[in-house]
Amino acid sequence: MFLVIFLLVLFLKEIISFYLDIRNLKYALSHKEVPEIFKDIITDEDFKKSQIYLKDRVIFNLWSKTFDFIFNLIFIFLLYPYIEKIVSSITSSFILQGLLFFGIFGLINLIISIPFDLYYIFVIENKYGFNTMTPKIFLLDLIKSIILSIILGTPILSLLLYIIKSDPNFWWKFALVIIIFEIIMVYIYPILIAPIFNKFTPLENEDLRKKIIELLERVGFNVKQVFVMDASKRTRKQNAYFTGIGKSKRVVLYDTLLSYPQEEIVAIFAHELGHYKKRHITILMLSSIIFYVFYIYLTFIVFKSAPLSKYFGVQKEFTLLTYAFIFASSFFYFLNPLINFLSRKMEYSADRFSAELIGTPYPLISALIRLVKENLSNLYPDPLYRTWYYSHPTPSERIYHLLTLEKEVKKDENNNSPN
Ligand SMILES: [Zn+2]
């Protein structure tokens, strides 16, 4: 009975994700005209190109999901038990067995994923002119990530394995270690990890730097570090973000963003500032901590109560936990709509913050239109797909929202004026 439920949940998740992808593509392709709001800027040719780009990505997604699913089943029924047997014959140390188990699993997973990554980057993203990555950078990234995961993974995994073995009620210690690790990572990521992959240089454009610092000071924000990241060595797509906590806190602009008009960069930056000022970053961190605790607890409950050993023929705690984790993670897929609903609310509020801080929503509106055009975004995402997966409102939703703010922003100005 348990096996039936286990497989049912796995299949259900897969079927829903397939259904949503296909729905999204059908919906987008059923539209023949550029939405009114983008008519002046996005040509019919751009629009058609964006539809073909979407089609390419969806088809790629369906293939890679199918393969992933098949590999998952192969792992569940054949490979996990087999790897467990191999590592048990190599050493009698539980921690070493666990490290080898996840090491072998990680290696096989990596080898499987490489062809898919290569195809996505060098065929699809290349075709639309987004990719700027050379095979050399791809290979270097790969090597760096492997070394990094060994350096970071080995101590934390050893500690977790030790906890599992020494305390039968290990779940809360397990959660505590993961949370502490997460917080340390947020701190060291901008100073130690990100620079391994990218170069960060202080923003040189004095004019832009002044404008950004001025905004930071106006909202009482004690960050003086504005960095430019050489994102252009991998992609032409643009972004800006805040990162780090405490002393490692900083603002990062992609160098790909610097070609935008200055007022638009400032508006995008003000949006990011909104996420910080409205405590979205803290809320997200706290909710991810709560999320981890639930996740680990659910995994633990499955581990303790489900007859995993009987159905899958495995004995070691780390293998049993892997099965429990797979089962638990399927449930969390169904939380996507809720998490994204909250995230979209935050995006609206950051947009509002940007418009209010600058005193006009128009630079952000033109930046959004530019982003849609340059990134060949899907102009007609399916409503259900959006609800499930979109962490941001669609660009047109954001633009309409910003337009309604226009009056408010103006009204505020009148109220503030002395007469
Ligand atoms: Zn945002």
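This is a predicted model: local features need pLDDT of at least 70, side-chain atom pairs count only at pLDDT 80 or more; totals for chains, interfaces and linings use all residues.
Student: In which sense do S1 and S2 pair, and over how many bridges?

Tutor: S1 and S2 are antiparallel partners, joined over three bridges. Strands are DSSP runs (E, at least two residues) and helices are DSSP runs (H or I, at least four residues), numbered from the N terminus. Two strands pair if DSSP finds at least two bridges between them. Pro202 stands opposite Phe227 in S2.

Student: How many bridges join S2 to S4?

Tutor: Four bridges join S2 to S4, and these two strands run parallel. Val226 stands opposite Val251 in S4.

Student: And which way do S3 and S4 run?

Tutor: S3 and S4 run antiparallel and are joined by four bridges. Tyr241 has Val252 in S4 as its bridge partner. S3 and S4 form a hairpin with six residues between them, and Gly244 in the turn has a positive phi of about 85°.

Student: Turning to the core, which residues touch the most other members of the largest one?

Tutor: Phe269 and Leu364 do, in a nonpolar core of 31 residues. Such a core is a set of buried Ala, Val, Leu, Ile, Met, Phe, Trp, Tyr and Cys residues joined through C-beta atoms within 7 Å. A residue is buried if 20 or more other C-beta atoms lie within 10 Å of its own, exposed if 12 or fewer, and partly exposed in between, with C-beta atoms placed from the backbone.

Student: Which element gives the most to this core?

Tutor: H7 does, with seven residues. Leaving aside neighbours within four places in sequence, Phe269 is in contact (C-beta atoms, placed from the backbone, within 7 Å) with Ile212, Leu215 and Ala240.

Student: At what angle do H7 and H12 cross?

Tutor: Their axes cross at roughly 95° and come within 8 Å. Axes are lines fitted to C-alpha atoms, for helices over the stretch in contact, and angles run from 0 to 180 degrees between N-to-C directions. H7 is therefore roughly perpendicular to H12, on a scale where angles under 35 degrees count as roughly parallel, over 145 as roughly antiparallel, 65 to 115 as roughly perpendicular and the rest as oblique. Residues making the contact include Val266 and His271 of H7 and Leu364 and Arg370 of H12.

Student: Where is Arg279, and is it buried or exposed?

Tutor: Arg279 lies in the loop between H7 and helix H8 (280-305). Arg279 is exposed, with 12 other C-beta atoms within 10 Å. Although not a glycine, Arg279 has a positive phi of about 60°.

Student: What about Leu376, buried or exposed?

Tutor: Leu376 is buried, with 21 other C-beta atoms within 10 Å. This residue is found in the loop between H12 and helix H13 (383-389). Leu376 has a positive phi of about 50° although it is not a glycine.

Methods. Residues are numbered from 1 along each chain as its sequence is written. Two residues are in contact if their C-beta atoms, placed from the backbone, lie within 7 Å.
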